[in-house]
Amino acid sequence: MLSWDKTPALHPMRRCRAWVEIDLGALKHNVQQLARHLNAQSTLMAVVKADAYGHGAVTVAQVALSTGARWLGVATVPEGVELRESGIAAPILIMGAVNSLEEVDAIAHWNLQPTLVSPKQALVFSEALAQRFGTTLPVHLKIDTGMSRLGFPWQSAAEFVRFVQRLPGLQIKSIYSHLATADDPDPTILRQQHQRYEAAIAQVAQQFPALPKRHLANSAATLGYPDLHYDMVRVGLSLYGLYPAPHLESTVSLKPVMQVKARITHLKDIQPGTGVSYGHTFVAERPMRIAVVGIGYADGVPRALSNCISVLVNGQRVSQIGNITMDQMMIDVTDVPNLREGNEVTLLGREGENSLTANHWATLTKTISWEILCSFKHRLPRITIDSSTAPPFQTERVLKRSGDVGEKH
Ligand SMILES: *Cc1c(COP(=O)(O)O)cnc(C)c1O
């Protein structure tokens with residue numbers, strides 16, 4: 001959450017060293033594609049926890065809601081409050097654990113909707129509400145069907161629902177669960193969870209003439225299993241244009257929303273035998289031209305990628321060399337003509353035909369693309385662009401980069 005957004009004087013500095021570019025055109029495209037892919041009775045919840053996976057929660061929420069999403073999902077109460085403070089009125093589900101009375105207060109005050117996972121927690125909510133507000137709070141009951149994270153055991157779902165139903169002040173809006181293996185091409189565990197969820201719902205339906213909303217699918221299940229769309233899907237990663245797994249790439253067309261860029265801050269020629277960066281893990285074997293780039297691991301580029309990645313300079317793919325340092329890294333620009341200090345480098349994103357993906361970084365560092373995206377939410381300024389409209393002041397920059405306006409770099 002950079003306060004720079006409110007400080008125009010600093011704007012010219014935002015692209016100084018390194019920044020994250022958020023393409024709202026790509027975001028709109030993804031929301032539309034996902035909304036079109038949903039079953040007729042299902043609605044789209046945009047999951048914007050962790051500052052929208054590093055993309056900026058308020059902006060993403062506003063664009064997603066104006067493009068077809070109906071609900072917002074966050075992990076924590078402060079994340080929900082941030083959205084409300086920006087004026088967003090859409091229903092907001094807090095998916096994470098909420099236990100303290102302070103949180104109950106904030107939830108009621110800001111009209112947020114908590115997830116309840118146990119009778120004890122429901123009791124705390126009911127009592128706190130009765131004492132403090134005397135109002136009715138919409139709540140969502142979470143059933144554990146095999147994730148073994150938050151949720152009441154699926155076998156006892158009906159008891160849980162009956163308990164909450166009798167408590168004053170709580171109105172059950174939905175009964176949901178979360179899948180552990182939706183991105184695995186093998187559906188065995190997913191189908192087991194699906195059956196457990198169905199069994200729990202069937203129990204509940206016997207007591208509930210009007211069944212609350214049901215939802216089970218994250219991005220992977222939304223893309224891969226239309227029969228799991230139920231009344232709503234909770235979509236995070238695919239909103240941001242990434243596929244949860246390669247086998248899901250044929251389902252809908254998504255465009256990455258985030259690009260990560262930095263500038264060349266220094267150029268130098270080095271002789272054979274010269275070591276580069278801490279530990280000299282790279283030693284030049286020939287005369288080389290190298291560039292220092294103003295981005296490092298404190299900005300979100302994993303240090304484990306040292307000597308493993310390429311970046312794009314003038315549309316050309318070049319190697320990163322030596323250990324990545326906290327704020328800077330070196331790249332081999334021996335074969336790139338006419339470079340100058342100040343030139344842009346793309347670390348994640350597209351230049352012409354070349355693209356660099358968070359999925360690739362995730363594979364190299366033995367993690368998942370979710371974590372790669374989230375690592376850019378701390379330090380770098382965020383610039384929003386819109387490749388679908390390209391306002392005049394940024395036409396040139398946008399046209400240069402955006403594959404879908406037919407311009408070659
Ligand atoms: C984060 C989260 C999601 C979204 O998952 P993606 O795989 O990013 O789509 C959905 N449901 C719950 C409960 C979550 O915590």
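Visitor: Before we start, what counts as buried, exposed or partly exposed here?
Guide: Buried means under 20% relative accessible area, exposed means over 50%, and partly exposed is in between. Keep in mind that this is a predicted model.

Visitor: OK, so which class does Q192 fall in?
Guide: Q192 has 39% relative accessibility, so it counts as partly exposed.

Visitor: And where does Q192 sit?
Guide: Q192 is in helix α8, which covers residues 188-207.

Visitor: Switching to helix packing. At what angle do α1 and α3 pack?
Guide: Helix α1 (residues 24-37) and helix α3 (residues 57-67) pack at about 45°, and their axes are 9 Å apart. That angle makes α1 oblique to α3.

Visitor: Is that crossing left-handed or right-handed?
Guide: The crossing of α1 and α3 is right-handed.

Visitor: Which residues meet there?
Guide: From α1 you have L24, L27, K28, V31 and Q32, and they meet T59, V60, V63, A64 and T67 of α3. By type, the residues of this contact split into 6 nonpolar, 3 polar and 1 charged.

Visitor: Now aromatics. How many pairs are there?
Guide: The structure has 4 aromatic pairs. One of them is Y53 with Y240: the ring centres are 4.8 Å apart and the planes are at 35°, so the pair is tilted.

Visitor: Which parts of the chain does that pair tie together?
Guide: Y53 belongs to helix α2 (residues 49-54), and Y240 to the loop between β10 (232-235) and β11 (258-270), so the pair ties together parts 187 residues apart in sequence. Both Y53 and Y240 are buried.

Visitor: Got another pair, and why is it called tilted?
Guide: Take W361 and F376: their ring centres are 6.2 Å apart with planes at 45°, so this pair is tilted. W361 is in helix α10 (residues 358-364), while F376 is in the loop between α11 (369-374) and β20 (382-385), 15 residues away. W361 and F376 are both buried.

Visitor: Last topic, helix α4. Which of its residues are buried?
Guide: In α4 (residues 77-85), the buried residues are V77, E79, G80, V81, L83 and R84.

Visitor: What covers them?
Guide: The cover includes α2, α3, β3 (71-74), β4 (92-94) and α5 (101-109).

How values were computed
Residues numbered from 1 in each chain as written. Predicted model: local features only at pLDDT ≥ 70, side-chain atom pairs only at ≥ 80, totals over all residues. Heavy atoms only, no water. Axes fitted to C-alpha atoms, helices over the stretch in contact; angles between N-to-C directions. Helix = DSSP H or I, 4+ residues; strand = E, 2+ residues; numbered from the N terminus. Parallel < 35°, antiparallel > 145°, perpendicular 65-115°, else oblique. Left-handed = near helix turned anticlockwise from the far one by under 90°. Contact = heavy atoms within 4.5 Å. Nonpolar A, V, L, I, M, F, W, Y, C, P; charged D, E, K, R; others polar. Phe/Tyr/Trp six-rings, centres within 6.5 Å; stacked < 30°, edge-to-face > 60°. Buried < 20%, exposed > 50% of the residue type's maximum accessible area, 1.4 Å probe, protein only.
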